[in-house]
Amino acid sequence: MNLFFRVKLLLACAFLLSATLNAQVSYSVGPVDTGEVEAELVADVAAIRPGQEFQLALRLKMDPHWHVYWINPGDVGFRPEVEWELPEGFEVGPLEFPVPQRIPFEPLVSYGYEGEIFLIAKAKAPESLQAGREVRINGAANWLVCEEACIPGNANLALELPVTDSGETLARAEYADEIAQTREALPVEAEGGKVAVEDLGDTLVFNLQWDGLQGAELEEPYFYVEQESVSNSAKAQSFDLVGNLLRVAVPKADYFEQVESGYTGLLYSKNGFDSAGGVQAVRFSVQSDLAALGATPAKLSEGAGFEIGFGQALLYAFLGGMILNLMPCVFPVLSIKVLGFVQQSGEDKGKVLQHGLAFTVGVLVSFWALAGTLIALRSAGESLGWGFQLQQPEFVVVMLVVMFLFGLSMAGVFEMGTSAISLQGKVKGEGFGGSFFSGVIATAVATPCTGPFMGQALGYALTLSAFQSLTVFTFLALGMATPYLVLSANPALINKLPRPGAWMETFKQVMSFPMFATCIWLIWLLGAHMGNDGLLFVLGGLLVVSIGAWIYGRWSTPARKKATRRLASGLALLTVAGGIWMMMPKHMDASEEKIAWQAYSPALVEELSASGKPVFVDFTADWCLTCKANEVRLFGSDKVLEEIEKRDVQLVQGDWTKKDAVITEALAKYGRSSVPLYLLYDGKPGSEPKVLPQVLSPDAFLESLDEI
């Protein structure tokens, strides 16, 4: 059973026990101090009249640093509850909770409240209530209060209110102002708002549509899902607002089971929502579907640092298509093709333009075919699904490899699209059909020569809906076909084009640097997913990918024999695949979740080594390649992990990444001035540790365990 559910089950039992005890205890008027919490049942009036509506509230005042929970407590916890015991004819609604705050306790984050809060409930007295009497409202309150420890709390509270004809007295309710302020700040329903949810693997995307979002400036936004076991409260959310539609990417909880209908939640913005009276949170509860909302494309992700919008993507696609014509695999045939149109048209300017249009249609149809293939691939797997893909490290890895390979090709490590001139020159079709087919061939052989702008646009197209991906590809096609159209309309301009030459190769190589700049950004983004250790695999994987590209560029050229080319292509493909495999996040920090390291100190090691349990001390550093390789090899072994758990081996780590005099002294004690250093204590008081090999294999570690 999941740890979180076991904790919640135990707390639920505690609540049931406290509720049973409540039934045996009398109710108290006024505040009740339970130790960490002062609880009281209060109202916004000092007296009531028959038929009056008024506000009841459970007041909870916590000691400093203690907190209680919202309706969805986050990772661990339970909401406060009140079981009412009412006079005949009285009605009380459900408790209404203020906007919660996020309360971190590494590695968990809870949703709750610190200080003093009022949980309000609407109440109504019966019309038959007689003036001149006093009514007593009882409430058995239960809550969970936490700091470092969590304590179930309860109190049996009572409130006495006199009944008058007017409902007024000379005395004013003590907490009337606080209750009014709480009521004013409560979340309100997003009037006309709708919510639709889509599942993207590790992420749920909440599509919130509401007219109040049009033109809104969201400050520190956050979406509180009201259902438990849905969102991972410890992970960051991402937001994209386009018009009146806000897309919120919410990482799933570790114990998430399946997507259900009916998710609701609060959208919070620190600066409030003007269209909702200035409150800081609005509630979305009306369900819809994506088609009804007309979902728009998402920006790349919060903090990505390289966001482009849909309009920019279209501009980049058009510019990328234009620049494509300057690549060495395309430019030499530009004027050749247009002159072919002139010859086919017999100098008739109108027919020349028609041939140019037919060529353009061929290019468009080809790019639409590519877009259709992309859309089909996306539908086959979640990592290619649309929206917020940069939160998926697998997607970022694929994008990084694609951009890196394009950069290497443009820099001259290997060539793609070198058959453009010969293949296009062989297209001899007569009439407009031949021009159309020329556009198809031009697209097929030229698209591998992708360059700046085009690469960014293609990457962004992967994050869009099917229709908008198609639109991006359309602008790519129009960009590529524009020079042909312009020259077809004005063939005299051909003489003004620069001559093909060495400048094209220089231009192509210069254009590789923006591609590598994009790679730097993607590596930085992967750092947020994988950490420093993960980046070691990413950079190593890129090295392997570059070796594969070099093999292809060295031995797959047309000058080589066919058998050599085939062998080199196969080997290059396997090498690149191996590099991608290295970079995938399944290798990152796989053991860290299973290993509880304790920070090194001589006193800790002395204490643990005298406890009768084996102690393994690992002196390491982030910059030590041998250390990292050992850790992957050692703690990637299930057998090692099983033996550590079975023998209750205490794990201590001395991190020497930054200068540390204590660790330096410990290393010197064993004649070392560098890391790694591995020590294994047998758990006997006063015994000296065994120094393990610097290149530590699972077998050597297990043998040393057996020896002690």
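Predicted model: local features only at pLDDT ≥ 70, side-chain atom pairs only at ≥ 80, totals over all residues.
Colleague: In which helix does Trp555 lie?
Modeller: Helices (H or I, at least four residues) and strands (E, at least two) are DSSP runs numbered from the N terminus. The run that holds Trp555 covers residues 512-555, and its name is α13.

Colleague: Which residues make the nonpolar surface patch of about 450 Å²?
Modeller: Patches are made of residues with over 30% relative accessible area and no salt bridge, like charges being joined within 9 Å and nonpolar side chains (Val, Leu, Ile, Met, Phe, Trp, Tyr) within 5 Å. Trp555, at 31%, is partly exposed. The members of the patch are Val413, Leu543, Ile547, Trp550 and Trp555.

Colleague: How many residues does the largest nonpolar core have?
Modeller: A nonpolar core is a set of buried Ala, Val, Leu, Ile, Met, Phe, Trp, Tyr and Cys residues joined through side-chain atoms within 4.5 Å. In the largest one, Ile48, Phe54, Leu60 and Trp143 have the most contacts inside the core, and its residues number 43.

Colleague: And how many residues are in the second, separate core?
Modeller: That core includes Met399, Met403, Val538 and Val545. As a general point, nonpolar side chains tend to be buried together in soluble globular proteins. The residue count of the second core is 29.

Colleague: Within what arc do the buried residues of α15 fall?
Modeller: Helix α15 covers residues 602-609, and its buried residues are Leu604, Val605, Leu608 and Ser609. Seen down the helix axis, where the arc is that of the directions from the axis to the C-beta atoms, these residues line one face of α15, because they fall within an arc of 120°.

Colleague: Which strands do those buried residues of α15 pack against?
Modeller: The face turned away from the buried side carries the exposed residues Ala603, Glu606 and Glu607. On the buried side there are contacts, meaning heavy atoms within 4.5 Å, and the strands that α15 packs against there are β21 (598-599), β22 (615-620), β23 (650-655) and β24 (677-681).

Colleague: What covers the buried residues of helix α2?
Modeller: In α2, which covers residues 176-185, the buried residues are Ala176, Ile179 and Thr182. They line one face of the helix, because they fall within an arc of 130° when seen down the axis of α2. The face turned away from them carries the exposed residues Gln181 and Glu184, whereas the cover of the buried residues includes β3, β4 and β10 (116-124).

Colleague: How far apart in sequence are the parts that Arg59 and Glu38 tie together?
Modeller: These two form a salt bridge, with their closest N and O atoms 2.4 Å apart, the rule being a side-chain nitrogen of Lys or Arg within 4 Å of a carboxyl oxygen of Asp or Glu. Because Arg59 lies in strand β4 (residues 53-62) and Glu38 in strand β3 (residues 37-43), the separation of the parts they tie together is, in residues, 21.

Colleague: Of the two, what is the relative accessible area of Arg59?
Modeller: Glu38 counts as partly exposed, at 27% relative accessibility. Arg59 is buried, because its relative accessible area is 2%.

Colleague: How many residues apart are Arg283 and Glu189?
Modeller: Their side chains meet in a salt bridge at 3.4 Å, N to O. The pair links distant parts of the chain, with Arg283 in strand β20 (residues 281-284) and Glu189 in strand β13 (residues 188-189), and their separation in residues is 94.

Colleague: Finally, what percentage of the residues in the protein chain is buried?
Modeller: The secondary structure of the chain comes to 19 helices and 25 strands. Among contacts between residues at least 6 apart in sequence, 75% join residues at least 24 apart. Of the 708 residues in the chain, the buried ones make up 50%.

Technical notes
Residues numbered from 1 in each chain as written. Heavy atoms only, no water. Areas by Shrake-Rupley, 256 points an atom, 1.4 Å probe, with all protein chains shown as cover. Buried < 20%, exposed > 50% of the residue type's maximum accessible area, 1.4 Å probe, protein only.
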